[in-house]
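Good morning, colleagues. Please look at the sequence and the structure on the screen before I go through a few local features.

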Amino acid sequence: MPDNPWLVVTGGTAGPGYAQRFAAMAAEGADLHGEARRVHALLGGRRSDVLDAGCGTGRVAIHLAELGHRVVGVDLDASMLDGARAAAPDREWLLRDLSTLDLGRRFDLVVGAGNLWPLLTPGTHAGVIARLAAHLRPGGLLVLGFGLDDEHVPFTLPDGVPFPDLHAYDTAAVGAGLQLLARTADWDGTEPYAGGGYAVSVHRRGSTTP
């Protein structure tokens with residue numbers, strides 16, 4: 001299997017720098033919780049079970065937990081998870097490959113808020129979406145936001161690794177038994193997607209899907 005682009009570019013050591021960068025942004029008053037607010041709204045504010053796929057250092061998962069949700073964070077990068085554990089040692093953080101993910105439980109919503117789709121290991125994209133869909137309860141939501149060009153993915157992918165497009169994502173979602181409910185260009189859910197370089201998609205798992 002090809003190497004994961006994120007681990008190739010970062011060497012699996014990005015956690016400390018990533019955490020420091022967001023800590024500095026928070027200290028400057030930046031709003032870092034747009035993704036968590038959208039998830040909370042999609043869940044109607046009800047206390048729910050949420051899987052944060054590609055959770056990184058835990059920014060989204062930690063705020064969702066503060067909003068009252070039961071959250072599990074999963075990532076492929078041990079250095080990022082070290083940051084998550086340092087920030088919230090009482091939360092559940094798991095080192096897992098999403099292409100083979102099997103937690104033996106289901107969630108009300110799965111969120112991927114950190115350019116998860118373009119940074120998946122080449123050849124695993126459809127399989128990852130299938131595994132995430134398999135972790136949803138009937139009627140559960142898959143919410144992914146990601147960049148589709150160099151401007152919106154904040155580092156250069158390794159040579160020969162293309163940006164998977166929205167058509168490929170939608171095809172994978174349909175194959176996993178998911179229905180597109182909404183697509184916007186922002187996490188607030190207010191700016192219609194009109195073909196730009198960033199998209200946030202909300203899919204629902206069918207109520208009769210096994």
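Which residues is Ser79 in contact with, leaving aside its neighbours within four places in sequence? They are Gly12, Thr13, Ala14 and Gly15, where contact means heavy atoms within 4.5 Å.

This is a predicted model, in which local features need pLDDT of at least 70 and side-chain atom pairs count only at pLDDT 80 or more, while totals for chains, interfaces and linings use all residues. Residues are numbered from 1 along each chain as its sequence is written, and side-chain values use heavy atoms, with hydrogens and water left out.

Ser79 is found in helix H5, residues 78–87; helices are DSSP runs (H or I, at least four residues) and strands likewise (E, at least two), numbered from the N terminus. With a relative accessible area of 11%, Ser79 is buried, that is, under 20% relative accessible area with a 1.4 Å probe and protein chains only. Its side chain reaches the backbone oxygen of Gly12 at 3.2 Å.

Not counting residues up to four places away in sequence, Ser201 touches several residues, including Leu142, Tyr169 and Ala182.

Finally, Glu35, Ala36, Val39 and His40 in H3 meet Arg59, Val60, His63 and Leu64 in H4.

Technical notes. Buried means under 20% relative accessible area, exposed over 50%, partly exposed in between (1.4 Å probe, protein chains only). A polar contact is a pair of N or O atoms within 3.5 Å; within protein, one must be able to donate a hydrogen and the other to accept it, and residues adjacent in sequence count only if both atoms are side-chain atoms.
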